[in-house]
Amino acid sequence: MSTTRPFSPGDRGPEPSGASGASEGGVPGTGAAERGAPTAGAPDGGAAPPLRPEESQASAGRQVRRLDFADQSGVVPLARDFARQALYAWNWLPAATADQRAAAEDVLLVVSELVTNACLHAEGPEEMWIACDNKVIRIEVSDRGTGQPAPRTPHRSGRPGGHGMFIVQRLCLDWGVVRTPGVSGKTVWAELGAPA
């Protein structure tokens, strides 16, 4: 069953308040993605830094959008709609093939899982960044939580709950956590490959 809505983002009016978007290297606003250096990465010990203006500007064709969750309610559907609008703007949607549709659905599912985890385990999300180049979509969700997300081990598919980070791990090329020394909270990032 597809969760992609049959209308384009333009049919829904302007982007939600707190949302901003830029393309071709422009990075809007300031926030967690500019604050820190990587301190912990994916489960294998690797780390990937958060989106930074200088990196985005150096990468030709990279497009970045930021959503601020301050004073927002219904943050999971808000984040999915924001990501869906970005996918339309970046021509991932409407999908021409089943593989392209599946790739877009995977992005929306990962957005849902990361924002839901921030709600359930980290006092709620502060902001989300989503960036795209020709090969990879990167999602970052910043929160105020102190915990370390990890897939539940062992994963038990028949039990309710505990599947979020397992899903992220299965769908993504890589994922990890970035913390800024002396600052509460963290940024959880995930990267997905573009459809062929």
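User: What makes H4 and H5 a packed pair, and how is their crossing described?

Analyst: In this predicted model, H4 and H5 pack at an angle of about 145°, with their axes 9 Å apart. Axes are lines fitted to C-alpha atoms, for helices over the stretch in contact, and angles run from 0 to 180 degrees between N-to-C directions. The helices are DSSP runs (H or I, at least four residues), as strands are (E, at least two), numbered from the N terminus. The crossing is left-handed: by definition, the near helix is turned anticlockwise from the far one by less than a right angle.

User: Which residues of H4 and H5 meet?

Analyst: H4 brings Asp106, Leu109, Val110, Glu113, Leu114 and Asn117. H5 brings Gly164, Met165, Ile167, Val168 and Leu171. Contact means heavy atoms within 4.5 Å. By class, there are 7 nonpolar, 2 polar and 2 charged residues.

User: What ground rules apply to the model?

Analyst: Residues are numbered from 1 along each chain as its sequence is written, and side-chain values use heavy atoms, without hydrogens and water. Local features need pLDDT of at least 70 and side-chain atom pairs count only at pLDDT 80 or more, while totals for chains, interfaces and linings use all residues.

User: Why is arginine 138 called buried?

Analyst: Its relative accessibility is 3%. Buried means under 20% relative accessible area, exposed over 50%, partly exposed in between (1.4 Å probe, protein chains only). So arginine 138 counts as buried. Glutamate 140, at 1%, is buried too.

User: How do you know that arginine 138 and glutamate 140 form a salt bridge?

Analyst: Their side chains meet at 2.8 Å, N to O. A salt bridge needs a side-chain nitrogen of Lys or Arg within 4 Å of a carboxyl oxygen of Asp or Glu, so the pair qualifies. By this rule the count comes to 7 salt bridges.

User: What makes the largest nonpolar core a core, and which residues touch the most other members?

Analyst: A nonpolar core is a set of buried Ala, Val, Leu, Ile, Met, Phe, Trp, Tyr and Cys residues joined through side-chain atoms within 4.5 Å. The largest has 37 residues. Leu114, Met128, Ile130, Ile137 and Ile139 touch the most other members. H4 supplies the largest share, 9 residues.

Technical notes: Ala, Val, Leu, Ile, Met, Phe, Trp, Tyr, Cys and Pro count as nonpolar, Asp, Glu, Lys and Arg as charged, and the others, Gly among them, as polar.
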